[in-house]
Structures are given as structure tokens and as C-alpha cells.
Amino acid sequence: MSNSDSVAPQALASTSLFLADEAATQALAQQLSAIFSDYFSNSYENNPDENKSARVYLKGDLGAGKTTFVRHFLKVMGVQGRIKSPTYTLLETYNLSSLYLYHFDFYRFTDTDEWLDAGFRENLGENAIVFIEWAEKAGPGLPLPDLELYLIYESAGRTAQFNAFSEKGKTWITQLIHRGTPTSEK
């Protein structure tokens with residue numbers, strides 16, 4: 001399903017969490033990583049021939065913490081070494097066993113077809129976790145995300161607004177709610 005319809009898609013579920021500092025952002029990334037790890041592990045155990053994917057689109061002003069969130073997520077998933085921002089390369093790819101992790105940044109796009117012209121559609125397939133920063137610059141041809149994470153500046157931290165646009169995204173939001181709000185307290 002694409003978001004090319006003239007009416008903006010409605011989220012199936014939403015939740016907001018306050019992130020006091022980077023430690024709280026890291027804790028949230030760890031929670032989402034655990035949820036995705038369970039999803040992919042259980043999917044392979046229950047039906048090893050079925051391909052799975054997760055698409056997360058990140059929104060927020062410059063410096064809101066989108067790349068920081070993805071870095072923490074990737075580290076928890078087991079990515080070793082330096083994790084670079086894809087601002088200039090547009091895409092950073094990581095492979096963990098049979099799972100691919102793609103981190104896109106469309107900030108520099110000036111035309112909504114650039115992501116298609118670059119051949120990125122194939123990276124939105126199965127057996128992958130896809131993070132896209134500045135997805136709105138790709139225009140209406142980009143498929144809807146499972147989750148949208150909107151990081152909003154607050155006076156002393158950030159608000160993380162999650163919106164689900166698929167049933168699995170809705171399930172993941174429910175799991176996040178049940179795990180509780182991450183804090184930076186030790």
C-alpha cells in the first residue's frame with residue numbers, strides 16, 4: 001500500500017513518550033530493538049519460509065535525535081564499529097545473519113523521484129529493518145511505514161510520538177506501552 005491517496009492515512013494506533021535525555025533515547029531504542037528481535041525470531045521459528053520486514057520512518061527537525069535513535073538501535077541489534085549517518089551517502093547498509101538493516105536519509109532530495117531513480121525500492125523488501133529519515137521528501141510513492149517516529153523538541157528533552165500504519169506497527173506500539181516509558185534514571 002502506498003501513501004499516494006489524496007487523503008492522509010490515519011494511524012491505527014499512537015503513543016507519546018517523554019525522553020528527558022540521550023540515555024532515555026537509548027533506552028527507547030533498546031526497547032524497540034527487543035520488540036523487533038522477538039518479532040523476527042518468532043517469525044522465523046513459526047514460518048521460516050515467510051519473509052518479514054519492518055519499516056520505520058523518522059520525522060523531526062534537524063538535530064532532534066533521529067540518527068542518534070537509529071545508532072542506539074543498531075548497536076543493540078549487534079552492529080559493531082562506527083555507525084555513520086547516511087546524510088551524504090543516502091544509505092548505510094548492515095547485515096546481521098539473514099537480516100538486513102537499512103538506514104536511509106532523504107534530507108538532500110530535491111525531487112520526489114530521486115529515491116526511485118537511485119534504485120532504493122528493492123531495499124524496502126522483505127527480511128529487512130528499514131529506517132528512513134526525512135521520508136516525506138520521497139513523496140507519495142513511498143510505501144506507508146509500519147511505524148512513524150516523530151521526535152519533537154521539548155524544553156528539557158524530546159517527545160517521541162509513535163504512529164502505527166500497519167497491524168504489526170500497532171502490535172509494536174502496544175508492546176512499547178506495556179514495557180513502560182524509558183527513563184534515564186539508573
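Author: Arg-179 and Asp-38 form a salt bridge, in which the closest N and O atoms are 3.7 Å apart. The term denotes a side-chain nitrogen of Lys or Arg within 4 Å of a carboxyl oxygen of Asp or Glu. The pair links distant parts of the chain, with Arg-179 in helix H4 (residues 167-179) and Asp-38 in helix H1 (residues 22-46), 141 residues apart. Helices here are DSSP runs of H or I with at least four residues, strands are runs of E with at least two, and both are numbered from the N terminus. A search of the whole structure finds one salt bridge. In general, side chains of opposite charge can pair when their charged atoms come close.

This is a predicted model, in which local features need pLDDT of at least 70 and side-chain atom pairs count only at pLDDT 80 or more, while totals for chains, interfaces and linings use all residues. Residues are numbered from 1 along each chain as its sequence is written, and side-chain values use heavy atoms, with hydrogens and water left out.

Buried means under 20% relative accessible area, exposed means over 50%, and partly exposed lies in between (1.4 Å probe, protein chains only). Of the 186 residues of the protein chain, 48% count as buried.

The setting of the pair is a protein chain with four helices and seven strands. From the N terminus on, these elements run β-α-β-α-β-β-α-β-β-β-α.

H2 has twelve residues and reaches 17 Å from its first C-alpha to its last, close to the 16 Å expected at 1.5 Å a residue; the expected span is 1.5 Å times one less than the number of residues. Several residues of H2 are buried, among them Phe-69, Val-70, Phe-73 and Leu-74. Just after H2, Gly-78 takes a positive phi of about 115 degrees.

A positive phi also occurs at Trp-134, about 60 degrees, although Trp-134 is not a glycine. Trp-134 lies in the loop between strand S5 (128-133) and strand S6 (147-153). With 13% relative accessibility, Trp-134 counts as buried.
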